[in-house]
Each structure stands twice: as C-alpha cells, then as structure tokens.
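Please keep the structure open beside the text.

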Amino acid sequence: MDSTHEVFNQPAPLTGYNLFDTNRPLADALKHNAPQLQLDPLRSLGAEIGSIGMQTHARLANIHPPVLHTHDRFGRRIDEVEFHPSYHALMTAAVGAGLHGAPWTGESQSPHVERAAGFMLFTELEPSMLCPISMSYAVTPALRSNGGVYADWGPKLASRWYDPALRLWRDKPGLTMGMGMTEKQGGSDVRANTTQAVHTGSDGWGERYAITGHKWFFSAPMCDAFLILAQAPAGLSCFFLPRVLPDGSRNEIRIQRLKDKLGNKANASSEVEFHGASAWLVGEEGRGIPQILEMGTMTRLDCALGTSGLMRQALSLALNHTAQRQAFGRPLIEQPLMKNVLADLALESEAATALAIRLARAFDHAGDEHERLMARLLTPVAKFWICKRGSHFAQEAMECLGGNGFVEEGGEGVMARVYREMPLNSIWEGAGNIMALDLLRGLRKGDAVAALAQELAPARGSDAALDRLADALPARIEAMATEVEARRLAQDVALAVQAALLVQTAPPAMVGGFCASRLGGDWGHAFGTLGAGVDLDAIISRARPQ
C-alpha cells in the first residue's frame, strides 16, 4: 500500500442550499401566525445566506475579530474599532434585508413575524454581528419619546443602506444604534448605576446633558448612536448619545478595551468611559427603567429567535453529517440510537421555532388585549426556556459529529462556533432568574390565567398530558406567593404553549413525540431518550435540511 492518506467516509459540508425552502417547521409556523405573509423575500434571503460566499464571510468575520485603535499614529484619540471586510458584507446583507428596522416602515401586514423569520434565518449564518441589528430594532420605538431626534434619525434607522463610516448623521444614507445600560458594579441591577448626567441646555433635540461615567458592556461601539442610562437629578433616565455631534466633532466616548469573549467573536463588545459626553434626554427624567424595559422586550424576543435559529443550524449540521457518515456498515442516521438523538433534537428545535414565531405575532397585534397579555407573558417565558435549552442542545448536536464537531476549521467548524455562541442569549438581556421574576410581574398584569386558557384552548382534547398540565396551571399561578418555584413555572408555561402550537402546526408524529416526552414523562434526562412508540423516521424526515 503506497498511499496512506486516502480520504473517504468524510461528509461534504452543508453549503449551497436555501435555508428557508428547506425549513418546514418555520414555514408551518409562518402559515399559522401570518397566513397572508408574502414569502418571496424570505426565500430570497434563504438562498443568499445559504451560499458558499456568505458562509465564507461568516467564517472570516469570526477568525479575524475586531481590533480597537484608541489613538492614531500621531497620538490623537480616535476610539475606533476596525472590522474585517467580511463583517461589513454581513452587515450589508442584514440591513438590506430590513432586519434592523423594517417593522417600523409599515410595509408589511405582519412586519414583526416577517422580520423574526429573517432574523432566525440569518442567525444560522452568523449570529454575533446581529447584535447592532437587534439593538437598532429595539431602540427605535423608544426614540419616539424625543421628537426632535426621531425626526432626524428615525427614517435613516429604517433605511436599507449600511454605511460603516463614522461621520455626521445627515451625511449617511443609513444609521445603526446600540445600547449602554450595565455598569461594573450593577449588572442587571441598573438602579445601582453611578454614571451622572448634568443638564447643560436645550436645542432642537431637546434637553441636553453632559454624561460622566462608564459602561461595563457597550456592545457594537461603532454604531452611530446609543441609548444609555444615567443618573439625572430626578433619577435614572434614558439618554440619546451620538458618536458624532451635530457640529461634526467626536463625542467624548473613550473605548477602554474590547471584551475577550467565549464566543460572539465577530461582534465588538467594549468597556467605555464618558468624559462629559453630550447626550439628549429621551422621555422624562427619572423614567429610565420603564424605557429600558420596553427596549428589553424587543431584544429578549431576539434572544429567543436567535437561539431558535442556532438550534436549527446545529440540527442541520448534525443531520447533514450523520446522513453521510458510515459506521458499522450503514449511515449513522440509520442507527437506532442516533435516530433517537436526532429526532429528540428535531422536536426541541421545532418547538422553539413555534414559540418564538408565536411571540413575534403578539408584537404585530399590540392593540389586541389578548396579544398584549401574551407578549407580556411569553417574552420572559420564551427567552428563559428556549435559551436555557440552547447550550445542552448544542453539546448534543456536536456529539453527533464526534471529534469533527469539536474542531474549529472547515465546514464542520461551524458547529464549534454555534456551541460557543449558545450561552450568550441566555445571559444577555437578563439571565434565567431575571426572566422568572419578570414572568411573576407579568402575571399581575391583567387576567393572565384567562389569557393562558384562551391560548391553550385550540389544543384541548388532543393530548391527555397537555390537558393535565393546562388544568393544573391556573391553580399554580394563583398560588405562586414566592419566587422559589418561578423558574419551574416558566418552564411549564413554555412547554404547554409549545405543545399547543405544535398541535396546530405540526404533523401527528411531532405532536405525539413532544407531548409524550416533555409532558407525559416518557423521557430521560438527556437528549436521545425518547420512548419506543415515537415515530423517529417521520420526525427526522421533516427536519432534514436537504
């Protein structure tokens, strides 16, 4: 034998396919939640981001992370972050698809659902650069509280032109915005913030302040402006802080360093200091907390959407690998134990998709009282449960690839990137305990018991385990006097709503497998422990990406 390096039984990478056309769970969720939605834009986006060219951009943006330049070569302070060209190519595509602002233009009958589907698809390609996309989406409604700023910035925040240059807003065809909320001593407890705001006058953008202090997490610092929290005389308040001031000069924002993170490598997360930086009041002094909660609702939706997209990508990679890889005389995907794992992952992925898109529908009908209540309840529930399941899901999907899944390079290196990204959405915008507490607050807003009963009603009688859970939830909600069991309640509300949605959107095999395992107790403590009665082949066939 002369050759020792013949390569065989190694799967071809998953590339050159339409992410939308091959995602049947997403298509069915859209049909249920927005039946009138025109799908051609999503189909075009699915083809674009499934191409080898865009996948190459995603890889390059991650292996060439952003670089901070605090000074130019002459010693002048510039505080600029340099990105690889592939990062800008990805941003151009995301902005061009309207993922940052399309819901605010009035161009779609179901703008939040359409944007949610696009956001999930794009997450499969590259999630980390979607941070400024998500923040731009979330801050726009809050910015309306300052009429002068919104008149100048609103139209360009919805523009589909991406311009990375750091220059005056009026000279740019499109704008992006970020947020700066947490400080090193407070984290989620923003009431502990110490950054100070001193009133300095007023102009066409309203009341102007000088901001002095810091932010511990200041993500995407090359955005054109930020909404931040600072202590004003009347208390914690929300401010609009641009990077370039109306006279064309740079604002006094000093980038101290970029975070060295586990994942999210293409995105620049920074620590900054404000040295008398100019900012304009948004809303009323002392009302910063309600405004950040409004913005947080939008970004928490994106956490659920993002993790759902990552689940779909991890599942697709696992299915692609196991369909091609031979072991013990047949493809891995035909091995009984592997079938159980893949089917279990497929159930989890489809349930996450169904819940995330349902939540987006609530934002499209904010004037409806039921939808308003469901948005209030399902936002923390979906953010908690979907994101909490993500890391475990990614580890199991990675194991389907064996050692190849643990390697960063090549086509299957995407799995390692997904794995490193998964924990972030569970932490960002409030970790699990914050979400559970937020659910308890939401239960006090309106008749939550009646809203949940109405939501579950279409699925009543379809599965005995679902009926038992639905029957038990009202008493549990009414008896919830302490915080101790709040996480368990969030879990069970999520499972009940997911099951009810699958009854309305998924084939019987999916419904039976999900209810038997997640609600009926015919399940172990790890993925791949479905009962013998589950139709594994039907579930896997529905989930396959090609």
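## About the model

This is a predicted model, in which local features need pLDDT of at least 70, side-chain atom pairs count only at pLDDT 80 or more, and totals for chains, interfaces and linings use all residues. Residues are numbered from 1 along each chain as its sequence is written, and side-chain values use heavy atoms, with hydrogens and water left out.

Helices (H or I, at least four residues) and strands (E, at least two) are DSSP runs, numbered from the N terminus.

## H1 against H9

Two packed helices are described by the angle between their axes and the distance between the axes. For helix H1 (residues 24–33) and helix H9 (residues 336–364), the angle is about 30° and the axes are 9 Å apart. That makes H1 roughly parallel to H9, a term for angles under 35 degrees. Axes here are lines fitted to C-alpha atoms, for helices over the stretch in contact, and angles run from 0 to 180 degrees between N-to-C directions.

The crossing of H1 and H9 is right-handed, meaning that the near helix is turned clockwise from the far one by less than a right angle. On the H1 side, the contact (heavy atoms within 4.5 Å) is made by Pro 25, Leu 26, Ala 29, Leu 30, His 32 and Asn 33, and on the H9 side by Glu 350, Thr 353, Ile 357, Arg 358 and Arg 361.

## H5 against H9

H9 also packs with H5: their axes come within 7 Å and cross at roughly 145°. This crossing of H5 and H9 is right-handed. From H5, the residues Pro 111, His 112, Val 113, Ala 116, Ala 117 and Met 120 meet Thr 353, Ile 357, Ala 360, Arg 361, Phe 363 and Asp 364 of H9.

## Cavities

How many cavities of 30 Å³ or more does a search of the whole structure find? There are three. A cavity is a set of points on a 1 Å grid over the protein atoms alone where a 1.4 Å probe fits but cannot get out, and lining residues have an atom within 4 Å of a point. Grid points are joined across faces, edges and corners, and a volume is the space filled by probe spheres set on the points.

The largest cavity holds about 60 Å³ of space. Its lining includes Asn 23, Pro 25, Arg 312, Glu 350, Thr 353, Met 510 and Arg 542. Helix H8 (288–324), H9 and helix H17 (536–543) are the elements giving two or more residues to this lining, and H9 gives the most, with four residues. The second largest cavity has a volume of about 40 Å³. Among the residues lining it are Thr 123, Pro 127, Leu 310 and Glu 421. Helix H5 (111–125) and helix H11 (413–427) each supply at least two residues of that lining, with H11 giving the most, four residues.

## Leu 258

Leu 258 lies in strand S8 (residues 253–258). Its C-alpha atom is separated by 4.3 Å from that of Ser 270, 12 residues apart along the chain. Not counting residues up to four places away in sequence, Leu 258 touches Pro 66, Val 67, Leu 68, Val 81, Ala 268, Ser 269 and Ser 270.

Technical notes: Parallel < 35°, antiparallel > 145°, perpendicular 65-115°, else oblique. 1 Å grid on protein atoms, 1.4 Å probe; cavity = no way out; pocket = protein on both sides within 12 Å on 5 of 7 lines; lining within 4 Å.
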